[in-house]
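The sequence and structure come first.

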Amino acid sequence: STLSTDLGQGMVSDRRSLTLAESLSLTDEARIVCESAPPYRIIHTNVAWKEACGFSFIEVAGKTCSVLQGEETQRAALETLSLALQQKRPVNVKLINYRKDGTPFLNSLHVAPVKGGSHFYGRFITAQPITDGSVAPREETPELNPVPEAPVSYVGKGGGRCQRRVSQAQLADMLESEDPYVLCSSEWPHVITHASPAWCEMCGYMAEEVEGLTNKILTGPDTDSEALASLLAHVRAEEPTVQTVWNYKKGGERFLNQVTVLPLYDESHELAAFASILKEVDSEDLAIDADAWRRLSAVLETQGPILDTPRREAAQALLGARAAVLRDLCNAKRRTQRDLGHVPSKHKEFADRALAELVRRLLGERPAAPGSEEEGAVWQRVAQILPARIATEVIDGRPPDMSPAAARAIIEETRRNA
């Protein structure tokens with residue numbers, strides 16, 4: 001470190017405060033990021049921190065730094081640190097901490113609020129093991145989060161949408177999400193700087209395994225290269241996008257992933273990172289009349305350039321998020337807008353055909369009629385629910401489904417469909 005190791009208790013260094021993005025960036029320093037309000041729960045640790053302390057991120061996520069404390073941790077140092085946190089000012093302290101295996105070490109710690117004050121970060125200036133026997137090892141290990149033994153299915157989990165609306169997705173807000181996501185650097189090659197506990201559970205990787213790698217770790221033989229190219233094009237343009245692709249968990253398990261890529265901004269409205277938010281969907285949702293949907297994708301590719309922009313965008317959005325839209329239409333336990341009702345699961349195939357018909361009409365094809373009176377009733381139900389479920393703004397850090405103009409194109413066609 002460039003800082004001296006003999007800083008006095010309570011003194012502060014002259015190093016400027018880091019931004020939140022900088023505190024999450026790749027570094028050889030042992031670093032930790034916590035919430036800005038008591039009890040200051042841990043939301044990020046890096047590889048160097050694990051090497052210094054022995055704890056993996058998933059074990060301590062949502063815990064507090066008390067996991068490092070023990071019988072010989074000095075009360076005066078903790079009080080100095082606590083006062084600085086209350087006053088939201090930087091501080092340096094020296095105190096005795098303990099590794100996961102109980103080994104004591106002398107920790108010279110720098111803690112400061114990130115620029116803007118949304119979180120605190122801590123970095124170890126030095127962490128010197130105490131080996132002379134003057135401090136006994138800690139005998140009891142603090143209660144930790146369990147580490148999943150294998151990837152977990154996330155079909156039907158996550159992806160909830162809150163009602164708070166913001167003009168831009170904020171990095172600080174993303175860190176509050178319980179969805180499976182990774183944060184990637186704003187610069188090429190967009191390496192992973194943070195993996196959420198849910199992402200680790202879903203994909204089977206430890207956060208420390210993927211730090212500094214890219215999202216290529218999830219790709220495999222069946223991953224659509226054209227979809228990946230579209231994702232990268234949106235990243236270069238700093239635009240949100242949603243694509244449905246086959247990805248692979250640790251160990252090779254294939255899963256269908258509706259991935260949302262979202263640019264994130266700091267308190268100065270500068271690009272700070274990209275989020276890759278995963279949503280595992282049931283491949284059976286895409287098996288319904290798959291040939292018809294493949295044909296529509298081909299039509300979009302050939303006819304798209306001559307369509308007006310809103311209709312092309314609307315058709316592309318429905319094609320890309322088909323599985324998620326179908327699941328939402330048939331979701332009897334939707335957390336918001338329950339008054340809209342839902343399509344019974346036994347009529348999922350009818351709902352799928354209603355969506356396909358909507359895309360056909362957006363693409364300028366001749367309208368078709370439902371195959372029965374019962375199917376016609378489902379088409380009308382879809383026409384009532386779908387327009388109300390389209391988001392045209394960023395909602396709690398999630399990208400809009402489409403532009404207002406594209407949403408209007410869908411509304412016009414659903415009225416005809418009804």
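## Salt bridges

R31 and E29 are joined through their side chains by a salt bridge, with 2.6 Å from N to O; a salt bridge here is a side-chain nitrogen of Lys or Arg within 4 Å of a carboxyl oxygen of Asp or Glu. R31 is buried at a relative accessible area of 6%, and E29 is buried at 16%. Buried means under 20% relative accessible area, exposed over 50%, and partly exposed in between, with a 1.4 Å probe and protein chains only. The model is predicted: local features need pLDDT of at least 70 and side-chain atom pairs count only at pLDDT 80 or more, while totals for chains, interfaces and linings use all residues. Residues are numbered from 1 along each chain as its sequence is written, and side-chain values use heavy atoms, with hydrogens and water left out.

The structure holds 16 salt bridges. In one of them, the closest N and O atoms of K250 and E209 are 2.7 Å apart. This pair links distant parts of the chain, 41 residues apart: K250 is in the loop between β8 (241-248) and β9 (254-265), and E209 is in helix α7 (residues 207-210). Helices (H or I, at least four residues) and strands (E, at least two) are DSSP runs, numbered from the N terminus. K250 is partly exposed, with a relative accessible area of 37%, and E209 is partly exposed at 34%.

D328 and R389 form a salt bridge in which the closest N and O atoms are 3.0 Å apart. The two residues are 61 residues apart and link distant parts of the chain, D328 in helix α12 (residues 322-329) and R389 in helix α14 (residues 373-389). Both D328 and R389 are buried.

Helix α12 is mostly covered, with seven of its eight residues buried. The buried residues of α12 are R322, A323, A324, V325, L326, D328 and L329.

## Packing of α13 and α14

The axes of α13 (residues 348-362) and α14 come within 9 Å and cross at roughly 65°. Axes are lines fitted to C-alpha atoms, for helices over the stretch in contact, and angles run from 0 to 180 degrees between N-to-C directions. The crossing is right-handed; a crossing is left-handed if the near helix is turned anticlockwise from the far one by less than a right angle, and right-handed if clockwise.

On the α13 side, the contact is made by F350, A351, R353, A354, L355, E357 and L358, and on the α14 side by E374, E375, V378, W379, V382 and L386. Contact means heavy atoms within 4.5 Å. By class, this contact has nine nonpolar, no polar and four charged residues; Ala, Val, Leu, Ile, Met, Phe, Trp, Tyr, Cys and Pro count as nonpolar, Asp, Glu, Lys and Arg as charged, and the others, Gly among them, as polar.

## The five-stranded sheet

Five strands form an open sheet in the order β2-β1-β5-β4-β3, with antiparallel pairing; two strands pair if DSSP finds at least two bridges between them. The edge strands, β2 and β3 (91-98), each pair on one side only. Neighbouring strands are turned by 30° against each other on average, direction ignored.

Strands β1 (residues 31-35) and β2 (residues 42-45) run antiparallel and are joined by three bridges, with T45 of β2 as the bridge partner of I32. Eight bridges join β3 to the antiparallel strand β4 (residues 104-113), where V111 is the bridge partner of V91. Helix α4 (residues 75-86) packs on the sheet and touches β3, β4 and β5 (119-129), its direction making about 135° with that of β3.

## Backbone exceptions

Most residues other than glycine have a negative phi, and most peptide bonds are trans. The bond from P38 to P39 is cis, with omega near 5°, and P39 lies in the loop between β1 and β2. In this hairpin, which has six residues between the strands, Y40 takes a positive phi near 60°. The bond from W188 to P189 is also cis, with omega near 10°; P189 is in the loop between β6 (181-185) and β7 (192-195).

K88 has a positive phi near 55° and is found in the loop between α4 and β3. K88 is partly exposed, with a relative accessible area of 43%. E238 has a positive phi near 55° and lies in the loop between α8 (225-236) and β8. E238 is partly exposed at 36% relative accessibility.
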